[in-house]
Amino acid sequence: VYTARDFQALALAVRAGEYDLALLPAHLGRIAIADWRWLPVARTISTTPVLVVVRGAGPVHSPADLRGRKVGTLDLLSLTSAVCARWMAQQQMPASMIVPLPSINSALIALERDEIGAVVATASQMQSLPAVTPTGQRTLARVDDVPGPVYVARSGTPPDRVLRLRDALA
């Protein structure tokens, strides 16, 4: 299993062909397939919900209450961040309110300290947090149509190997 320090490093490594197989967020997987000639192998899940969470007892009760506040999410190249920007545009709020944080755990700590007004994360990220993570958040909004991560194989991977990978990941 390979990893990268952030989504930019991951995208650059995939583009350079440093891996035989990569697990990518859907938007980077699409670029890898369309522009870098990587081969689609498998999806992990068809869609994943993205949540906008706020402090349970906090002052934010509607999207309008976020005006002038920061919204925490992961790396700006993450699909979660892209969903956050789209959701904020639908609420007529600028993407400049988005602040990248190193982890969902640190974002939830910043939320608890009232340093940010909301956190945008996938439902699965919210379910797999360390025990020290603050709890008691409530969901302000939910976006359900977000495509899940995909596996892609480097261009030039023999067809029989791609088929074996597809079988193994099905």
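## Terms and model

Ala, Val, Leu, Ile, Met, Phe, Trp, Tyr, Cys and Pro count as nonpolar; Asp, Glu, Lys and Arg count as charged; the others, Gly among them, count as polar. The model is predicted: local features need pLDDT of at least 70, side-chain atom pairs count only at pLDDT 80 or more, and totals for chains, interfaces and linings use all residues. Residues are numbered from 1 along each chain as its sequence is written, and side-chain values use heavy atoms, with hydrogens and water left out.

## Largest pocket

A pocket is an open set of points on a 1 Å grid over the protein atoms alone, with protein on both sides within 12 Å along at least five of seven lines; lining residues have an atom within 4 Å of a point. Volume is the space filled by probe spheres set on the points, which are joined across faces, edges and corners.

The largest pocket holds about 870 Å³. Of its 32 lining residues, Phe 7, Leu 23, Leu 24, Pro 25 and Pro 149 are the closest to the centre. Two or more lining residues come from each of α1 (7-15), β1 (21-24), β3, α3, α5 (123-127) and β7. Strand β1 gives the largest share, four residues. The lining divides into 22 nonpolar, seven polar and three charged residues.

## Cavity

A cavity is a set of grid points where a 1.4 Å probe fits but cannot get out. The whole structure has one of 30 Å³ or more. The largest cavity holds about 40 Å³. Its lining includes Val 54, Arg 55, Arg 69 and Asp 114. Five lining residues are nonpolar, two polar and three charged.

## Sheet and helices

Helices (H or I, at least four residues) and strands (E, at least two) are DSSP runs, numbered from the N terminus. Strands pair if DSSP finds at least two bridges between them. Five strands form an open sheet in the order β5-β4-β6-β3-β7, with mixed pairing. The edge strands are β5 (98-100) and β7 (137-147). Strands β4 (71-73) and β6 (118-122) run parallel, joined by two bridges. Val 71 has Ala 118 as its bridge partner in β6.

Helix α3 (79-90) packs on the sheet, in contact (heavy atoms within 4.5 Å) with β3 (47-55), β4, β5, β6 and β7. Helix α4 (104-112) also packs on the sheet, touching β3, β6 and β7.

## Leu 51

Leu 51 is found in strand β3. Leu 51 is buried, with a relative accessible area of 11% (buried means under 20%, exposed over 50%, partly exposed in between; 1.4 Å probe, protein chains only). Beyond four places in sequence, Leu 51 touches residues including Val 119, Ala 121, Met 126 and Thr 139.

Conventions: Axes are lines fitted to C-alpha atoms, for helices over the stretch in contact, and angles run from 0 to 180 degrees between N-to-C directions.
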